[in-house]
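Good morning. Please look at the model on the screen while I go through its surface, its overall dimensions and two residues.

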Amino acid sequence: MAHKYVMAGVMGWPVTHSRSPIIHNHWIRQHGLQGAYGLFPVQPDRIEDAIRGLRALGMAGCNVTIPHKVNAMKMMDVVDPLARRMGAINTIVVTPEGALHGFNNDGFGYIQSLRDAKPDWRADAGPATVLGAGGAARAVVLSLLDQGATEIRLVNRTKSKAQALCDEFGAGVQAFDWSERHEALNGIALLVNTTNQGMHGEPELELQLNQLPLTALVSDAIYIPLETALLRHARLRGNATVNGLGMLLNQARPAFQAWFGVMPDITPALHQAIMATF
Ligand code: NAP
């Protein structure tokens, strides 16, 4: 019997910078599958039409990225409980019956990226400081709590947004003023930047690291550039660092499995293919 041709892709606006086609098309070739993963530039007011189109086109599903992650959730027939808690989806799976299931694999990707870098990493090793309170922060904070983190210091430029997350996620998360971010590094085991500061085209994150223990793991959700100024400064003073590429690669694995039926690995060849695009 001929193999089914399986189609998936990513909807975003803008979406041209996305590395997801490289990742998924690499795995399709590696596993000898029939199919393709495409880029779909979808304007915000067309997301509903585009998502309804998945079923009509016979697609296995798609990823959704900025700015669709929150709105797309409303169009699902079923939302995974973890995605519901995150308030956003990044992956849609169309079932054989044509139902739309929404998932969010960003938190899985983040935790897995820490484990890949440091196999003995533990969420309960000490306090964590998370900078930012947007979509990436929600995924990171929730997954850290689910992994057993007991003290998360949430620091956001707009403190009310950090406070809203604390109110939602409970006593393990405390909000700090943006001006307190340097002191919030005192005694921590993990620092995470989930703001856009340090991303290509944005200014560097302004953060003094003098109170950060040298034993702390420093991670950045940003992957363009691969080494942000935060990660460079942290590395040069002796901290272990993790960039955002591992989060991106790892969130793609369960999505690929859902669409193509194989749990793929992050191989040196995949790393090479991605690195060639930077
Ligand atoms: P978002 O929801 O728009 O949140 C942006 C965050 O950045 C907010 O906390 C915002 O603070 C903060 N911010 C913006 N300008 C700032 C400034 N001038 N100074 C201080 N803070 C500022 O975006 P997101 O979806 O969470 O994405 C955030 C970053 O994570 C992006 O760089 C994105 O590329 C990255 N990301 C990576 C992955 C991955 O797979 N590696 C996945 C998702 C996201 P306010 O609340 O005060 O506006």
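**Surface, size and two residues**

The protein exposes about 12900 Å², and carbon and sulfur atoms supply 53% of that area; accessible areas come from the Shrake-Rupley method with a 1.4 Å probe, and for residues only the protein chains shown count as cover. This is a predicted model, where local features need pLDDT of at least 70, side-chain atom pairs count only at pLDDT 80 or more, and totals for chains, interfaces and linings use all residues. Residues are numbered from 1 along each chain as its sequence is written, and side-chain values use heavy atoms, with hydrogens and water left out.

Along the principal axes, the C-alpha atoms fill a box of roughly 60 × 40 × 35 Å. Of the 278 residues, 50% are buried, meaning under 20% relative accessible area.

Now Arg181. What is the nearest side chain of opposite charge to this buried residue? That is Glu206, 4.4 Å away, and Arg181 has no salt bridge (a side-chain nitrogen of Lys or Arg within 4 Å of a carboxyl oxygen of Asp or Glu; Lys and Arg count as positive, Asp and Glu as negative, and His and the chain ends are not counted). A polar atom of the Arg181 side chain does lie 2.7 Å from the backbone oxygen of Glu206, and one lies 2.8 Å from the backbone oxygen of Trp178.

Thr195 is also buried, because its relative accessible area is 14%. Leaving aside neighbours within four places in sequence, Thr195 is in contact (heavy atoms within 4.5 Å) with residues including Trp178 and Leu131. On the same terms, Arg181 has Leu131 among its contacts.

Methods: Buried < 20%, exposed > 50% of the residue type's maximum accessible area, 1.4 Å probe, protein only. Polar contact = N/O pair within 3.5 Å; in protein donor to acceptor, adjacent residues only side chain to side chain.
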